[in-house]
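These are my notebook entries on a single chain, written up in the order I looked things up.

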Amino acid sequence: MNVLLVYAHPEPRSLNGAIRDFTLERLRQAGHTVQLSDLYAMQWKATLDAADNLDHQAGARFDPSLDSRHAFEHGRQSEDIAAEQRKLLWADAVILQFPLWWFSMPAILKGWVERVYAYGFAYGVGEHSDARWGDRYGEGTLAGKRAMLIVTAGGWESHYSPRGINGPIDDILFPIHHGILYYPGFDVLPPYVVYRTGRVDAARFVTIQDELGQRLDRLGTTPPIPFRRQNGGDYAIPQLTLRDDLAPGRTGFGVHVAGVHEARPRTASALGADAVAAP
Ligand code: FAD
């Protein structure tokens with residue numbers, strides 16, 4: 001497979017740096033072709049602004065969405081944006097690797113998403129009407145590709161458990177999994193999370209290599225999180241609310257994962273749900 005690793009940590013000698021090197025080596029040993037976007041090393045520009053549209057006229061009002069659409073449609077995007085889009089189109093699988101900073105991704109990686117996910121590329125794709133709300137959430141430019149997060153967190157695993165003080169890790173990562181990866185079409189694999197990083201030593205790093213190595217070996221076969229498809233009949237259009245008979249009486253992020261709150265026949269998607277519950 002072609003694999004793109006998008007990596008965000010400022011220090012190569014960090015735990016994340018070691019995990020990055022291990023990941024690149026493991027993937028290459030397995031025969032994959034790998035590209036790395038090392039955002040700090042690239043001095044990636046994190047802020048979306050008028051300079052991203054090469055046709056933007058000085059003094060004209062800047063519209064982040066419409067300038068993005070114009071630049072994308074007319075081949076007038078800043079070259080660093082276009083280069084990252086080419087990498088995404090090239091990749092069969094994309095891995096985002098980052099330390100959890102304030103319950104989300106570092107700003108430089110958020111800025112990569114904001115700038116690379118152009119109007120017409122990652123959003124505003126497909127027919128928009130009363131009957132159809134675009135190609136997104138399971139459809140879109142990046143459909144058919146796989147994506148996975150590698151995340152390190154200072155907090156303990158129990159702090160991120162279903163009743164943990166920080167909130168469940170599935171909820172914390174939902175905006176990235178569902179909003180950033182599933183939205184433009186990726187099949188999203190369960191994340192690999194390293195908790196309690198302050199206690200990582202040489203012995204624990206061996207365990208990390210073993211666990212992560214197995215996850216990387218199964219990058220092409222791990223069942224994705226069975227998020228519901230927007231256009232698969234589970235949602236009323238154009239309200240885009242989940243049908244009342246699905247996950248009845250429940251709300252929250254979890255209702256958008258098929259099979260978690262309802263008994264379903266053991267179809268392929270239900271098998272995927274089982275795999276998520278016990279990775
Ligand atoms: P490092 O600090 O580089 O290393 C961690 C440990 O691993 C060290 O003990 C180091 O000796 C060891 N190590 C490094 N390399 C190796 C190796 N090759 N072999 C063996 N051991 C090694 N945490 C949360 O849980 N939630 C948050 O919301 C959150 N917000 C944060 C916000 C900010 C701004 C910052 C700075 C931190 C935050 N943290 C948070 C903590 C953060 O997630 C961790 O500091 C980070 O994940 C650790 O990753 P690192 O690569 O920087 O580790």
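**Entry 1. Arg115**

I looked up Arg115 and found it buried, with a relative accessible area of 3%. The model is predicted, so I treat this as a computed value and apply the cut-off for buried, under 20% relative accessible area. Arg115 sits in helix 4. I then listed its contacts, leaving aside neighbours within four places in sequence. Trp44, Lys45, Ala46, Thr47, Leu48 and Asp52 are on that list. Ser78, Asp80 and Ile81 are on it as well.

**Entry 2. Helix 4**

Next I took the helix that holds Arg115. Helix 4 is mostly covered, and seven of its 10 residues are buried. I noted them as Ile108, Leu109, Gly111, Trp112, Val113, Arg115 and Val116. What do these buried residues pack against? I found strand 1 (2-7), helix 3, strand 3 and helix 5.

**Entry 3. Helix 3 against helix 4**

I checked the geometry of this pair. Helix 3 spans residues 79-90 and helix 4 spans residues 107-116; their axes are 9 Å apart and cross at an angle of about 90°. An angle of 65 to 115 degrees counts as roughly perpendicular, and the two helices are therefore roughly perpendicular to each other. From helix 3, I recorded Asp80, Ile81, Glu84, Gln85 and Leu88 at the contact. From helix 4, Trp112, Arg115 and Val116 meet them. Sorted by class, the contact has four nonpolar, one polar and three charged residues.

**Entry 4. Strand 3**

I moved on to strand 3, one of the elements that the buried residues of helix 4 pack against. Seven of the seven residues of strand 3 are buried, so the strand is largely enclosed by the rest of the structure. Which way does strand 1 run relative to strand 3, parallel or antiparallel? The two run parallel and are joined by five bridges. In this pairing I noted Tyr7 opposite Gln97 of strand 3.

**Entry 5. Strand 4**

How many bridges pair strand 3 with strand 4? I counted seven, again in the parallel sense. Two of the facing positions I wrote down are Phe98 opposite Val151 and Leu96 opposite Leu149. Seven of the seven residues of strand 4 are buried, so this strand too is largely enclosed by the rest of the structure. Arg146, Met148, Ile150 and Thr152 point one way, while Ala147, Leu149 and Val151 point the other way.

**Entry 6. Helix 5**

Helix 5 (residues 169-182) came up as a partner of helix 4. I found 10 of its 14 residues buried, so I logged the helix as mostly covered, taking under 20% relative accessible area as buried. The buried set is Ile169, Ile172, Leu173, Phe174, Ile176, His177, His178, Ile180, Leu181 and Tyr182. These residues pack against strand 3 (93-99), helix 4, strand 4 (146-152), strand 5 (187-188) and strand 6 (192-194). I also checked the span of helix 5: its end C-alpha atoms are only 17 Å apart, short of the 20 Å that a straight helix would reach at 1.5 Å a residue.

**Entry 7. Backbone checks**

I searched for positive phi outside glycine. Gln43 has a phi of about 50° and lies in the loop between strand 2 (33-38) and helix 2 (64-73). Gln43 is exposed, with a relative accessible area of 71%. Trp102 also has a positive phi of about 50°, and I placed it in the loop between strand 3 and helix 4. Trp102 is exposed, at a relative accessible area of 79%.

I also looked at omega. A cis peptide bond joins Ile237 and Pro238, with omega about 15°. I located Pro238 in the loop between helix 6 (202-217) and helix 7 (268-277).

**Entry 8. Val206**

Is Val206 buried or exposed? I read it as exposed, with a relative accessible area of 51%. The C-alpha atoms of Val206 and Lys110 are separated by 30 Å, and the two residues are 96 residues apart along the chain.

Methods: Residues numbered from 1 in each chain as written. Predicted model: local features only at pLDDT ≥ 70, side-chain atom pairs only at ≥ 80, totals over all residues. Heavy atoms only, no water. Axes fitted to C-alpha atoms, helices over the stretch in contact; angles between N-to-C directions. Helix = DSSP H or I, 4+ residues; strand = E, 2+ residues; numbered from the N terminus. Parallel < 35°, antiparallel > 145°, perpendicular 65-115°, else oblique. Contact = heavy atoms within 4.5 Å. Nonpolar A, V, L, I, M, F, W, Y, C, P; charged D, E, K, R; others polar. Expected span 1.5 Å × (residues − 1). Buried < 20%, exposed > 50% of the residue type's maximum accessible area, 1.4 Å probe, protein only. Pairing = 2+ DSSP bridges.
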